[in-house]
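Hi,

Here is the structure I promised to send over. Have a look at it first, and then read on for what turned up.

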Amino acid sequence: GLEEVVMKASGLVGFIRFLQGHYLILIRKHKKVGKIGHHYVLSIESTTLVPLFSESSSRDEKHFKDQFNNLNLSKDFYFSYSYEL
């Protein structure tokens, strides 16, 4: 079965699927970078992948996860809780 994972997150980026199954992409840390009117604009500082399946060790799966983790979402990804960007 699936394990219960409890962690704090600032937001949900989305889902991604590699060879073994789907992962949840969560924003673990963010910072305020601007304001539009009274709406704060934030950028991602760190994310985490949460597997939505029972993980087993696969060299290919690890390769895809490593490639994804090399993406720099903090460089060009902005979001707001109250304003559609």
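One definition before we start: helices (H or I, at least four residues) and strands (E, at least two) are DSSP runs, numbered from the N terminus. Please keep in mind that this is a predicted model, in which local features need pLDDT of at least 70 and side-chain atom pairs count only at pLDDT 80 or more, while totals for chains, interfaces and linings use all residues. Residues are numbered from 1 along each chain as its sequence is written, and side-chain values use heavy atoms, with hydrogens and water left out.

**The whole chain**

The protein chain has two helices and four strands, and from the N terminus on they come in the order β-β-β-α-α-β. Its radius of gyration (taken over C-alpha atoms) is 15 Å, well over the 12 Å that the globule rule gives for 85 residues, so the chain is more spread out than a compact globule. That rule is 2.2 Å times the number of residues to the power 0.38. If you want to picture the extent, the C-alpha trace spans about 45 × 25 × 15 Å along its principal axes.

Buried means under 20% relative accessible area, exposed means over 50%, and partly exposed is in between (1.4 Å probe, protein chains only). By that rule, 25% of the 85 residues count as buried. The accessible surface of the chain (Shrake-Rupley method with a 1.4 Å probe; for residues, only the protein chains shown count as cover) comes to about 6400 Å², and 50% of it belongs to carbon and sulfur atoms. A contact means heavy atoms within 4.5 Å. Among the contacts with a separation of 6 or more, 53% are between residues 24 or more positions apart.

**The sheet**

Now for the strands. Two of them pair if DSSP finds at least two bridges between them. What order do the four strands of the open sheet take? It is β1-β2-β3-β4, with antiparallel pairing. β1 (11-17) and β4 (78-79) stand at the edges with a single partner strand each, so one side of each has no neighbour in the sheet.

Let's walk across it:

- β1 and β2 (residues 22-36) run antiparallel and are joined by six bridges; I16 stands opposite Y23 in β2.
- β2 and β3 are antiparallel too, with 12 bridges between them. Their hairpin has two residues between the strands, and G37 there takes a positive phi near 65°.
- β3 and β4 also run antiparallel, joined by two bridges. The bridge partner of L42 in β4 is F79.

**Salt bridges**

A salt bridge here is a side-chain nitrogen of Lys or Arg within 4 Å of a carboxyl oxygen of Asp or Glu. How many does the structure hold? There are two.

One of them brings together the side chains of E45 and K29 (3.9 Å, N to O). E45 lies in strand β3 and K29 in strand β2, so the pair ties together parts that are 16 residues apart in sequence. E45 is partly exposed at 37% relative accessibility, and K29 is partly exposed as well, at 49%. K29 also has a bridge partner in β3, namely S46.

K62 forms a salt bridge with D66, and the closest N and O atoms are 2.8 Å apart. These two are four residues apart in helix α1, which means about one helical turn separates them. D66 is partly exposed, with a relative accessible area of 35%.

**Two serines to look up**

S58 sits in the loop between β3 (39-51) and α1 (59-69). Its relative accessibility is 24%, so S58 counts as partly exposed. S58 and L19 are 39 residues apart in sequence, yet their C-alpha atoms are 9.2 Å apart in space.

S80 is in the segment after β4. Is S80 buried or exposed? At 15% relative accessibility, S80 counts as buried. Its side chain makes polar contacts, meaning pairs of N or O atoms within 3.5 Å (within protein, one must be able to donate a hydrogen and the other to accept it, and residues adjacent in sequence count only if both atoms are side-chain atoms). The S80 side chain reaches the backbone oxygen of Y40 at 2.9 Å and the backbone nitrogen of Y83 at 3.1 Å. Leaving aside neighbours within four places in sequence, S80 is in contact with H39, Y40, L42 and L85.

Cheers
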